[in-house]
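Work through the exercises below with the structure open beside you, and try each task before you read its solution.

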Amino acid sequence: MPKPALMGNWKMNSDLSSAVGFVEEFFKHISGIEGKIRELFDVVIFPQFPLIKPIVDSVEAGARWSDLLRVGAQDIQPEDRGAFTGAVNGICLKSVGVSSVIIGHSERRWFFGDSDSLVNAKLSTTINMNFEPVLCIGEPGEIRDKGEQDSFVLAQLETAFDSVKLDSISAISLAYEPVWSIGTGRNATEAEIAPMIELIRGFATKAGFPGGGANLRILYGGSVNPQNASELYSIDGVDGFLVGGASLDALSFSAILDAMAGEGE
Ligand code: 13P
């Protein structure tokens with residue numbers, strides 16, 4: 001079972017100086033509990049593409065910290081190379097030290113038109129290239145209002161994993177991010193999250209994930225902050241978070257980690 005994880009999706013925020021400043025601040029804040037963090041969690045941030053390499057460099061410059069913070073990409077193009085203006089391929093991501101890739105975020109699906117079949121292709125590429133995929137799933141508000149969230153999320157999972165070679169998955173994160181909870185200050189409750197975790201685990205078993213889903217962690221995302229992190233993390237089956245807004249500030253991001261480690265109580 002991979003360790004629980006805290007992941008920060010910076011979306012289209014930050015710039016070079018604030019990104020490098022974040023790394024310094026973050027390490028300052030976790031100084032003292034770094035051994036515990038190293039033992040208990042994987043921590044990954046997903047900045048905009050041009051910030052990936054400077055962040056990797058600045059993490060590696062502090063040898064004592066270099067295994068404490070990994071860097072991921074917010075997207076990947078499925079093809080190896082070629083005429084895809086504006087896109088970034090896995091070869092390039094590998095070369096700058098990316099470990100994990102977010103796929104199928106609702107903002108990509110909505111603003112950039114990432115279709116189910118494109119999500120499926122991106123997932124396949126990510127797994128074949130040995131990145132850790134962080135696949136986002138989650139229903140819009142009107143679907144939950146109609147009580148159709150289970151079939152909606154199941155359909156997202158089924159199309160995303162269609163014909164994907166599962167035996168090569170070494171670690172995968174599925175992030176349940178109900179669209180209505182993203183950036184709204186309204187996090188999902190235990191009553192809403194727990195059945196979804198059961199549904200996702202059930203899918204993993206049925207779909208034939210290696211070891212019945214032993215390599216799978218299930219994250220929750222949507223208005224997670226230092227105040228609600230402890231309660232959300234106590235929900236059975238929540239293996240960590242994918243955080244948006246509260247991941248931009250090193251203090252609030254590390255406070256979420258404190259809450260997960262039981263340090264903030
Ligand atoms: P917020 O934490 O800002 O609600 O965003 C969640 C999210 O979309 C992470 O991918």
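**Exercise 1.** Of the 14 residues around the ligand, which come nearest?

Solution. This is a predicted model, in which local features need pLDDT of at least 70 and side-chain atom pairs count only at pLDDT 80 or more, while totals for chains, interfaces and linings use all residues. Residues are numbered from 1 along each chain as its sequence is written. A residue is near a molecule if its C-beta atom, placed from the backbone, lies within 6 Å of it. Those that come nearest to the ligand are Asn9, Ile182, Gly221, Gly244 and Gly245. For the next step, Ala, Val, Leu, Ile, Met, Phe, Trp, Tyr, Cys and Pro count as nonpolar, Asp, Glu, Lys and Arg as charged, and the others, Gly among them, as polar. By these classes the shell around the ligand holds five nonpolar, eight polar and one charged residues.

**Exercise 2.** At what angle do the axes of helix α1 and helix α3 cross?

Solution. Helices are DSSP runs (H or I, at least four residues), numbered from the N terminus, and axes are lines fitted to C-alpha atoms over the stretch in contact, with angles from 0 to 180 degrees between N-to-C directions. The axes of α1 (residues 16-30) and α3 (residues 49-61) cross at roughly 30° and come within 10 Å. α1 is therefore roughly parallel to α3, since angles under 35 degrees count as such. Counting residues as in contact if their C-beta atoms, placed from the backbone, lie within 7 Å, Leu16, Ala19, Val20 and Val23 in α1 meet Leu51, Pro54, Ile55, Ser58 and Val59 in α3. This contact comprises eight nonpolar, one polar and no charged residues.

Technical notes: Helices (H or I, at least four residues) and strands (E, at least two) are DSSP runs, numbered from the N terminus. Angles under 35 degrees count as roughly parallel, over 145 as roughly antiparallel, 65 to 115 as roughly perpendicular and the rest as oblique. Two residues are in contact if their C-beta atoms, placed from the backbone, lie within 7 Å.
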